[in-house]
Amino acid sequence: FGVDQVLQVEMVLPNGEHVKFGPTKWEVVQGYDVPKTTSVSGVCRANKLEMDEDKWEWADCSDNINFDDLWFAVRGGGGGTWGVVLSLHLQLHDYLPLERTRIKPYPSSVYGNLDKTHRKTLDKAYQKFEILFLLDPESVNVTE
């Protein structure tokens, strides 16, 4: 079901329908890091009286259910009135180990020749630059 982090939602709607749905089409939109979901489709549980989950059958819905609206609702636009979410299937990513790096702001030959007061001043200035660079790069004239 796609590139979104949420691949499928299973829920019961206020009308009693038990549905599964997820994104099926996407488009690349300028300004977004990931493709935008443009179409959502789903299925309804056909044998509503069956209690054994292993025997549930899923088919096209007989009622006219707008899965695009449901998708918007469960993604934060519904106010909690669209039904009860039973499960979410998420796209997980491989665990990447933490990589530590150290940026050397000045050559050790220069740094080693400074007295303690100058080193402290230089360290503070560099720390301030590093924080601004990471949190607000435009403030130190770094742009795309």
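This is a predicted model: local features need pLDDT of at least 70, side-chain atom pairs count only at pLDDT 80 or more; totals for chains, interfaces and linings use all residues.
E17 is buried, with a relative accessible area of 3%.

The side chain of E17 meets that of K48 in a salt bridge, with an N to O distance of 3.2 Å. The two partners come from distant parts of the chain, 31 residues apart: E17 belongs to the loop between β1 and β2, and K48 to the loop between β3 and β4. In contrast to the buried E17, K48 counts as partly exposed, because its relative accessibility of 47% lies between the limits of 20% and 50%. The structure holds one salt bridge.

**The sheet**

Five strands form an open sheet, arranged in the order β4-β3-β2-β1-β5 with antiparallel pairing. Its edges are β4 (58-59) and β5, each of which pairs on one side only. Between β1 and β2, the antiparallel pairing extends over four bridges. V9 has F21 of β2 as its bridge partner.

In soluble globular proteins, nonpolar side chains tend to be buried together. The largest nonpolar core of this model consists of twelve residues, including V9, V19, F21 and W71. The elements that give two or more residues to this core are β1 (6-12), β2 (18-27), β3 (36-45) and α1 (67-77).

**V9 and L88**

Leaving aside residues up to four places away in sequence, V9 touches V19, K20, F21, W71, V74, V85, S87 and L88. Although L88 and V9 are 79 residues apart along the chain, their C-alpha atoms are separated by 4.7 Å. With the same exclusion of sequence neighbours, L88 touches V6, Q8 and V9.

**A nonpolar surface patch**

F129, I131, F133, L134 and L135 make a nonpolar surface patch of about 540 Å². One of these residues, F129, lies in helix α3 (residues 116-135). F129 counts as partly exposed, since its relative accessibility is 37%.

**Accessibility of selected residues**

The following table gathers the accessibility values of residues discussed above.

| Residue | Relative accessibility | Class |
|---|---|---|
| E17 | 3% | buried |
| F129 | 37% | partly exposed |
| K48 | 47% | partly exposed |
| L88 | 48% | partly exposed |

Technical notes
Residues are numbered from 1 along each chain as its sequence is written. Side-chain values use heavy atoms; hydrogens and water are left out. A nonpolar core is a set of buried Ala, Val, Leu, Ile, Met, Phe, Trp, Tyr and Cys residues joined through side-chain atoms within 4.5 Å. Buried means under 20% relative accessible area, exposed over 50%, partly exposed in between (1.4 Å probe, protein chains only). Contact means heavy atoms within 4.5 Å. Two strands pair if DSSP finds at least two bridges between them. Patches are made of residues with over 30% relative accessible area and no salt bridge: like charges are joined within 9 Å, nonpolar side chains (Val, Leu, Ile, Met, Phe, Trp, Tyr) within 5 Å. Accessible areas come from the Shrake-Rupley method with a 1.4 Å probe; for residues, only the protein chains shown count as cover. A salt bridge is a side-chain nitrogen of Lys or Arg within 4 Å of a carboxyl oxygen of Asp or Glu.
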